[in-house]
Amino acid sequence: MLSSNNFIRAAKAFAPAIRTNVPARTYAQAGTNWAAQKVAMSNLEQDKFINYQRIEDNLEIVRKRLNRPLTLSEKVVYGHLDDAHNQDIVRGQSYLKLRPDRVACQDATAQMALLQFMSAGIPTVAVPSTVHCDHLIEAQIGGAKDLARAIDINKEVYDFLATSTAKYGLGFWRPGSGIIHQIILENYAFPGGLMIGTDSHTPNAGGLGMVAVGVGGADAVDVMADIPWELKCPKTIGVKLTGKLNPWVSPKDIILKVAGILTVKGGTGAIVEYLGDGVDSISCTGMATICNMGAEIGATTSMFPFNERMGDYLRATKRGAIADYAKQFGHNLRADGDAEYDQLIEIDLNTLEPYINGPFTPDLATPLSKFKETAIKNDWPQELKVGLIGSCTNSSYEDMARSASLVQQATDHGVKLKSNYTVTPGSEQIRATIERDGIMDTLTNAGGVVLANACGPCIGQWDRKDIKKGDKNSIITSYNRNFTGRNDANPQTHAFVASPEIVTALSIAGDMHFNPMTDSLVGADGKPYKLSPPNGHELPPRGYDAGENTYQEPPADRSQVNVAVNPESNRLQLLKPFEKWDGKDIEEIPILIKVKGKCTTDHISMAGPWLKFRGHLDNISNNFLIGGLNIENEKVNSVRNAFTGEYKGVPDTARDYKKDGVKWVVIGDENYGEGSSREHAALEPRFLNGAAIIVKSFARIHETNLKKQGMLPLTFTNPADYDKVDPKDKVSILGLTDFQPGKPLTMRLTKPDGKTEDISLSHTFNEGQIGWFKAGSALNLMKEKATQA
């Protein structure tokens with residue numbers, strides 16, 4: 001179904017140079033020496049300091065060069081330029097070389113990132129880096145038992161991560177510590193910082209005024225190896241917030257509204273900055289929620305200006321020195337008053353109402369007041385089977401406290417939750433604190449189940465038992481993503497996304513049509529009652545309880561550490577270099593599959609049970625594109641072998657081609673590769689002998705990941721040419737012998753009858769990325785340069 005926001009979307013197309021009315025520009029006092037103030041980035045890294053001096057120095061150069069006011073994101077991004085004097089700076093065009101402050105990896109993507117780093121032969125990571133064990137814990141029974149089972153099942157992976165991080169100088173957060181983004185917010189994020197993370201929801205740290213960008217593991221390897229990180233100079237989208245949220249409305253509703261306006265690709269190539277007086281009415285963790293789900297609009301990242309709400313959170317997490325330092329540096333932690341945005345969206349918080357987004361896509365936004373009629377019209381299942389709160393998006397103390405306030409009202413009326421209801425604490429600190437303060441008891445006594453401090457159902461790590469696969473049903477979550485089959489691998493599960501408060505209210509009712517703002521419930525005494533608006537403390541009045549210590553710092557002496565990789569393992573596999581380009585154009589190779597419609601990284605490289613193979617490229621390649629819909633026969637994981645005519649699975653057919661030394665291409669639709677920053681979705685086609693992925697448009701991270709692995713991510717210069725491609729055509733890619741930035745390539749289609757047709761293909765390769773292609777991969781080029789040095 002098409003969203004009713006289509007008309008809004010059309011009206012919100014990129015508009016150049018929109019000015020905002022925010023406080024006027026301010027500058028540092030002449031001669032301020034920021035480097036003299038040694039403020040540690042983290043309490044866990046007392047020898048690594050925030051480098052505001054670099055930002056100040058770079059911006060002095062950039063201001064003179066550009067001679068215009070700067071947005072907040074420009075200040076932070078340009079403040080981290082590798083060469084501010086000579087860097088070309090044009091929004092949406094230039095490729096910036098940047099020096100991030102830190103790198104964060106979750107355990108599923110860290111395996112391949114560390115395997116790549118090891119193969120580069122570098123002894124120590126160049127910037128502060130951490131690995132977080134959160135993706136491999138399957139939700140089944142409850143927190144403690146699920147965690148124990150995961151530690152047993154994933155022992156060799158955890159041993160590899162523990163030993164490799166110790167060997168190469170990374171911090172390691174053991175299983176049970178929590179979700180990467182919550183740990184970063186609690187311990188590492190700081191205003192004005194630049195961080196990359198191997199997970200698409202890394203922008204969560206924007207809630208603390210950081211430019212935090214989700215990347216593939218290969219980008220992380222570059223930064224850990226002291227190579228500047230490349231980013232296409234982002235455009236800027238301003239979201240001006242005015243007024244104050246009403247009691248039933250939460251920060252989550254802001255990003256649900258924005259997703260409806262911008263769609264899943266409306267933020268591509270841009271950083272979303274929030275501004276306006278409404279910002280100060282939102283908690284720091286609420287800002288993090290908004291930035292976290294900004295990944296669902298395709299944005300490079302999202303961020304907020306530094307304010308006292310961030311300062312309060314920093315102090316509550318024992319980082320008062322950072323709060324004080326950021327306050328002094330405030331002139332560079334907010335946009336200049338006359339800064340210009342490429343697009344401006346305005347949202348009046350006074351009139352904003354709760355939203356429910358979905359099913360099957362996070363940008364189908366429906367106001368709560370219209371949800372019942374919309375659900376009836378579309379025959380969405382009315383019974384709510386499961387409500388799920390928590391995850392990296394919404395597991396703050398405030399989220400849990402406000403949800404518990406609603407559950408307590410139901411308990412006071414003698415009733416329990418009608419739907420199954422799960423709670424995922426974002427971190428051990430959150431779990432311990434809500435347990436101490438009685439919030440956990442309130443939720444579990446009413447029927448809730450507390451899961452492990454991990455991603456769990458949000459990423460498909462859910463052994464769901466209440467339905468059978470294929471049963472049509474509804475669930476509602478406070479998560480960020482709801483693509484088909486995302487949570488439970490059931491394509492008939494209608495997954496909706498809302499605030500934890502709305503999830504909880506609907507779970508009390510057991511009914512997707514329930515509107516807690518207008519409808520009544522029935523208590524145990526048979527009398528009707530209405531839920532009062534949720535309430536709860538933004539920060540714990542008694543402070544945070546850190547819980548169990550789950551952090552492993554790198555040892556002082558790393559010389560005796562041996563990295564654990566079993567040659568017989570089916571979970572871990574050392575990497576072999578990909579072949580270099582042979583110097584020739586590609587001639588008449590088959591189309592492996594022409595994908596119809598949406599094709600996310602979940603379609604390309606599914607998560608769930610496949611996560612256990614993230615460190616074994618050969619094994620995980622058996623899930624390549626098994627979720628992609630073949631336009632030829634309208635089936636998934638069923639493609640025709642161009643030489644035998646036999647129909648087999650996508651990876652099986654690719655392996656047959658590889659065995660015979662045949663390269664192949666994939667043809668795809670719009671926004672190919674949206675979703676998680678899953679570099680396996682780029683490694684797998686390269687491993688299986690793919691040559692090119694040719695689509696109408698790419699999601700940003702996936703396009704870069706493909707380039708890193710020596711693949712050719714190409715787009716139809718005229719998107720309508722997608723329709724000219726017959727899956728039975730043979731494909732030639734011409735122009736590679738004169739491969740240049742900005743110069744289109746030519747796809748020659750050889751039809752089954754021998755006739756040919758030429759189609760123009762565009763690309764976004766720069767000189768350095770062309771070097772990756774010619775070397776066979778970015779890692780190959782890195783090793784070549786290291787050998788020559």
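Six strands form an open sheet in the order 9-8-5-6-7-25, with mixed pairing. Strands here are DSSP runs of E with at least two residues, helices are runs of H or I with at least four, and both are numbered from the N terminus. Two strands pair if DSSP finds at least two bridges between them. Strand 9 (211-214) and strand 25 (551-552) stand at the edges; each has a single partner strand, so one side of each lacks a neighbour in the sheet.

This is a predicted model, in which local features need pLDDT of at least 70 and side-chain atom pairs count only at pLDDT 80 or more, while totals for chains, interfaces and linings use all residues. Residues are numbered from 1 along each chain as its sequence is written, and side-chain values use heavy atoms, with hydrogens and water left out.

Look inside the sheet. Strand 6 (residues 129-132) and strand 7 (residues 171-173) run parallel and are joined by three bridges. Thr130 has Gly171 of strand 7 as its bridge partner. Helix 4 (residues 107-119) packs on the sheet and touches strand 5 (102-106) and strand 6. Its direction makes about 115 degrees with that of strand 5. Helix 8 (residues 217-224) also packs on the sheet, touching strand 5, strand 6 and strand 8 (194-197). The direction of helix 8 makes about 145 degrees with that of strand 5. Contact means heavy atoms within 4.5 Å. Axes are lines fitted to C-alpha atoms, for helices over the stretch in contact, and angles run from 0 to 180 degrees between N-to-C directions.

Strand 35 (residues 745-750) pairs with strand 36 (residues 756-762) in the antiparallel sense, over six bridges. Thr750 stands opposite Thr756 in strand 36.

Now take a helix pair. Helix 23 (residues 767-775) and helix 24 (residues 778-788) pack at about 95 degrees, with their axes 7 Å apart. They are therefore roughly perpendicular to each other, a label that covers 65 to 115 degrees. Helix 23 makes the contact with Gly768, Gly771, Trp772 and Ala775, and helix 24 with Ala778, Asn780, Leu781 and Glu784.

How many cavities of 30 Å³ or more does a search of the whole structure find? It finds eight. On a 1 Å grid over the protein atoms alone, a cavity is a set of points where a 1.4 Å probe fits but cannot get out; a pocket is an open set with protein on both sides within 12 Å along at least five of seven lines; lining residues have an atom within 4 Å of a point. Grid points are joined across faces, edges and corners, and a volume is the space filled by probe spheres set on the points.

The largest cavity holds about 220 Å³. Of its 23 lining residues, Ala295, Gly298, Gly675, Ala699 and Ile701 are the closest to its centre. Helix 22 (residues 700-708) gives the most to this lining, with three residues. The second largest cavity holds about 180 Å³. His135, Asp199, Ile459, Arg486 and Ser676 lie nearest its centre, among 23 lining residues.

The largest pocket holds about 930 Å³. It is lined by 40 residues, and Gly485, Asp488, Ala489, Gly608 and Pro609 lie nearest its centre. Helix 5 supplies the largest share of this lining, four residues.

Conventions: Parallel < 35°, antiparallel > 145°, perpendicular 65-115°, else oblique.
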